[in-house]
Amino acid sequence: MKFAGTVEIRAPRERVWAFLIDPNQVGSCGPGVESIDVIDERHFKARAKVGVGFISARFVVDLEMAELTPPDKAVIKARGQAPGSAVDATGTMSLRDGGPGVTVMDWSAYVLIAGTIASVGARLIEGTANKIIGQTFDCIRAKLEA
């Protein structure tokens, strides 16, 4: 599945960049994220509970900041496991200046889900993912625009 969008954040690009590459900061905005363990400056592990329809699972996800071009672009790779399910994802974000004091983030994510969670169907997964993405960006904007 592919997800993509554009988000405007009323904050300077350097501040947005610093927030988005800090796993603890951005992780605090992820619905269902239970913990973030920083391994080093490019690798971290997250634990999150995800529910799709009537199925929920606790994933352990290894994340890597595969490409960093401050303060313009980042590529993050994720591979996660839950009992009976797995996820592989690559996310890209590009930041650019909008109007005065505004940062525009163009983002995309390619996600491959296998196992029990995948069995509920792409339409239900897509709806749940879009809801989680919306909640995450609402939180990021609220924290950066405060």
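Trainee: Why is Asp22 called partly exposed?

Mentor: Asp22 has a relative accessible area of 27%. Buried means under 20%, exposed over 50%, and partly exposed in between, with a 1.4 Å probe and protein chains only. Asp22 is therefore partly exposed. Please note that this is a predicted model, in which local features need pLDDT of at least 70 and side-chain atom pairs count only at pLDDT 80 or more, while totals for chains, interfaces and linings use all residues. Residues are numbered from 1 along each chain as its sequence is written, and side-chain values use heavy atoms, with hydrogens and water left out.

Trainee: Where does Asp22 lie?

Mentor: Asp22 is in the loop between H1 and helix H2 (23-27). Helices (H or I, at least four residues) and strands (E, at least two) are DSSP runs, numbered from the N terminus.

Trainee: What makes Ser108 buried?

Mentor: The relative accessible area of Ser108 is 17%, so Ser108 counts as buried. Ser108 belongs to strand E7 (residues 103-115). Not counting residues up to four places away in sequence, Ser108 touches Lys2, Phe3, Ala4, Thr90, Gly91 and Thr92; contact means heavy atoms within 4.5 Å.

Trainee: How do you know whether Ala78 is buried or exposed?

Mentor: Ala78, in strand E5, has 15% relative accessibility and is therefore buried. Outside four places in sequence, the contacts of Ala78 are Val61, Asp62, Leu63, Val87, Asp88 and Ala89.

Trainee: And why is Ser94 called partly exposed?

Mentor: Ser94 has 28% relative accessibility, so the term partly exposed applies. Ser94 is part of strand E6. Among its contacts beyond four places in sequence are Asp72 and Met105. Between Ser94 and Asp72, which are 22 residues apart in sequence, the C-alpha to C-alpha distance is 5.5 Å.

Trainee: What makes a set of residues a nonpolar core, and how many residues has the largest one here?

Mentor: Such a core consists of buried Ala, Val, Leu, Ile, Met, Phe, Trp, Tyr and Cys residues joined through side-chain atoms within 4.5 Å. The largest has 36 residues, and Ile9, Leu20, Met105 and Ile140 have the most contacts inside it. Elements giving two or more residues to this core include strand E1 (2-9), helix H1 (13-20), strand E4 (55-69) and helix H3 (122-145). E4 provides the largest share, six residues. Met105 has contacts that include Ile9, Leu20 and Phe137.

Trainee: Why are H1 and H3 called oblique to each other?

Mentor: H1 and H3 pack at an angle of about 130°, with their axes 11 Å apart. Axes are lines fitted to C-alpha atoms, for helices over the stretch in contact, and angles run from 0 to 180 degrees between N-to-C directions. Under 35 degrees is roughly parallel, over 145 roughly antiparallel, 65 to 115 roughly perpendicular and the rest oblique. H1 and H3 are therefore oblique.

Trainee: Which residues meet where H1 packs on H3?

Mentor: Arg15, Val16, Phe19 and Leu20 in H1 meet Ile140, Lys143 and Leu144 in H3. These divide into five nonpolar, no polar and two charged, where Ala, Val, Leu, Ile, Met, Phe, Trp, Tyr, Cys and Pro count as nonpolar, Asp, Glu, Lys and Arg as charged, and the others, Gly among them, as polar.
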